Amino acid sequence: MLTSIATVSISGTLDAKLAAIAASGFCGAEIFENDLLTTHLGAREVATLMRDLGLACTMFQPFRDLEGLPAPARGRAFDRLERKFDVMGELGTDLLLLCSSCAPQADGDRARILADLAEAADRAGRRGLRIGYEALAWGRHVNDHRDAWALVRDVDHDALGLVLDSFHSLARRIPAGSIGDIRPDKLFLVQVCDAPQLDMDYLGWSRHFRCMPGQGDFPLDAWAEAIRRIGYTGYWSLEIFNDRFRAGSAAAVARDGYRALRLLESGIVEGASSTPVLPARIAPLGVSFIEFAASTAEAEALAAMLRPLGFRPTARHRSKDVTRWTQGAINLVVNCEPEGLAHSFDVVHGASVCAIGLTVADVPAVLARAEALAIPRFTQAIAADEWPIPSLTGVGGSLLYLVDAASEPAMWAHEFPQAIEDSAPGALTVVDHIAQTMQFEEFLSWLLYYVALFDLAKTPQLDIADPMGLVHSQAVETRDKKLRFTLNGSLARQSLSSRFIQNYFGAGVQHIAFACPDIFAAADAAIAAGLPRLEIPRNYYDDIAARWGLDDALVEALAARDILYDRDGEAEYFQFYSRAFARRVFFELVERRGYQAYGATNAPIRLAAQARHRPVLID
Ligand code: MG
Ligand code: MG
């Protein structure tokens, strides 16, 4: 795939953008006119810089409001076009993007539009240049790629072709089948973006909510596959307008963009069953372990929460100050080593989750895919007799270990040979989900990380009301639901999510939910053993009784234990929360009776209950 990105997609000055684009591995870049107008570099210097960086200039864009104008506006538009042709000569690109007109005075008469496009093509052709015509979703008379294609086809001039942009086609839900009519030699460029499914005006949606392929809801694979099928071999160019990306790091957004195009490419090629461009995307089998970094004192405080939850310290590491806590199929590892990554993590963040181990059937395949997606591998020195577990850099600098399913029992036996206590017959069985909190600007980046690396599906994005602001929340999960992450990002400085990030100095695990078959027994055992629990107001129980028509005995049983309740049809969900450990991480116990979501309606109740335990920040 020939990869390109429009400079408007990322933050910074034009020279910094181009450097970040080149460093991420793109073959080319579209120069967005505003970036050229605001740079201190002349167009020829931009061309030289791009050549030095090894980037092709794939297009100059945009040119607006040309066709259908009355005189004298028409003459002025064509004069303006000639001036832009001059700039293109200096920039070293032969392709200009022409957007369908939005001018109020533009005539929709088809013969006039054809004549204007033909004249523009003539003028471009005389100078060895080309024009790519794009139907904006909000174009005044032309707003559908089928109409734009019919015009290009009927003008039938070598210098006039079509630019397809996934936003304009998919926002209008134009069937991908219509792409089959387009001649590949007339498709001059393909622009790609994803977007969340929103019910709003096309212009605002496009200008603020475009995102990278894989981060939104558009059916991009089928759209891109239709383009591949006609035999298109040109550039696939990202064109993303997004306020978050403009506020983010140019290098990180360019890296995500490259990763997203590789993901799109692999989706097309997988569909076409030819040679895969990326190693296959596999689904992890589940959570092998969760590792906490802690000082010795913090480890004691953590133990005081783990014991009432039914965990027991069952083994010590062969050579390190690391303890394995178990219950059911759950493994928690508490690392008190005075050096290494866990220790640095504890110093920076305080006691917290520094690593997550995922069980996978094919570790080399995941590593190869990570490498192709430019996801960095983490390596640190290990002792000669230590079990090597490959790891990748994950959220907030934590690690994602890849544990080989076949040798997992052998790994535990080797690494933790010294028994401490027997496992207790606890109420908890497996890790249900892991909640990670991050800066709003990083949210889409981590979402892409998970869906690009693994075969994980994403749930629709939700906005959850925090007492101090809104929190975006979205889950990624395997189809069998054995691995679930919920991702949370907040813009509001005082929201609990943001305060977590401030307290924690970065993104990380905010809570861990354990599954149990009997929430009442699990809550009773935890309460009896002295677990500090989150208290839920009585008003909440009056409300759910009325909302769901629950019988009094059930409502009393929930209220007595501070258990939250949600329902989806006949499916039921029960949630019980601990107070936060070290003001950062808390634990959740859940029982699912056919329910597959995460109790979003209860999140504001939980957040408000947690906020009561926090001092108000005064700035
Ligand atoms: Mg476009
Ligand atoms: Mg949860």
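**Figure 1. Buried residues of helix α6 in the predicted model.** Helix α6 covers residues 145–155, and the structure shown here and in the other views is a predicted model. The buried residues of this helix are H145, A148, W149, A150, L151, V152 and V155. Among the elements that cover them are helices α5 (110–126) and α7 (166–171), together with strands β5 and β6 (160–165). After α6 comes D156, which has a positive phi, near 50°.

Figure 2. The ion is coordinated by E134 (OE), D165 (OD), Q191 (OE1) and E239 (OE), at 2.1 to 2.2 Å. Along the chain, the donors follow the spacing E-x30-D-x25-Q-x47-E. E134 belongs to strand β5 (residues 130–134), whereas E239 sits in the loop between β8 (235–238) and α10 (243–247), so this pair ties together parts that lie 105 residues apart in sequence. Both E134 and E239 are buried. Strand β5, which holds E134, is also one of the elements covering the buried residues of α6.

Figure 3. Strand β11 spans residues 322–327 and includes T326. T326 counts as buried because its relative accessibility is 7%, under the 20% cut-off. When neighbours within four places in sequence are left aside, the residues in contact with T326 are G310, F311, R312, T314, N331 and S423.

**Figure 4. Lining of the largest pocket.** The largest pocket holds about 670 Å³ of space. Its lining is made up of 33 residues, and those nearest the pocket centre are K320, Q380, I382, E386 and Y401. Two or more lining residues come from each of the strands β9 (286–293), β12 (330–335), β13 (352–360), β14 (377–378) and β16 (399–404), and from each of the helices α13 (341–349) and α15 (408–415). With 3 residues, α15 gives the most to the lining. Sorted by class, the lining contains 20 nonpolar, 6 polar and 7 charged residues.

Note on methods:
Residues numbered from 1 in each chain as written. Chains lettered and ligands numbered in written order. Predicted model: local features only at pLDDT ≥ 70, side-chain atom pairs only at ≥ 80, totals over all residues. Heavy atoms only, no water. 1 Å grid on protein atoms, 1.4 Å probe; cavity = no way out; pocket = protein on both sides within 12 Å on 5 of 7 lines; lining within 4 Å. Points joined across faces, edges and corners; volume = space filled by probe spheres on them. Helix = DSSP H or I, 4+ residues; strand = E, 2+ residues; numbered from the N terminus. Nonpolar A, V, L, I, M, F, W, Y, C, P; charged D, E, K, R; others polar. Donors = N, O, S within 2.8 Å, 3.2 Å for Na, K, Ca; no water. Buried < 20%, exposed > 50% of the residue type's maximum accessible area, 1.4 Å probe, protein only. Contact = heavy atoms within 4.5 Å.
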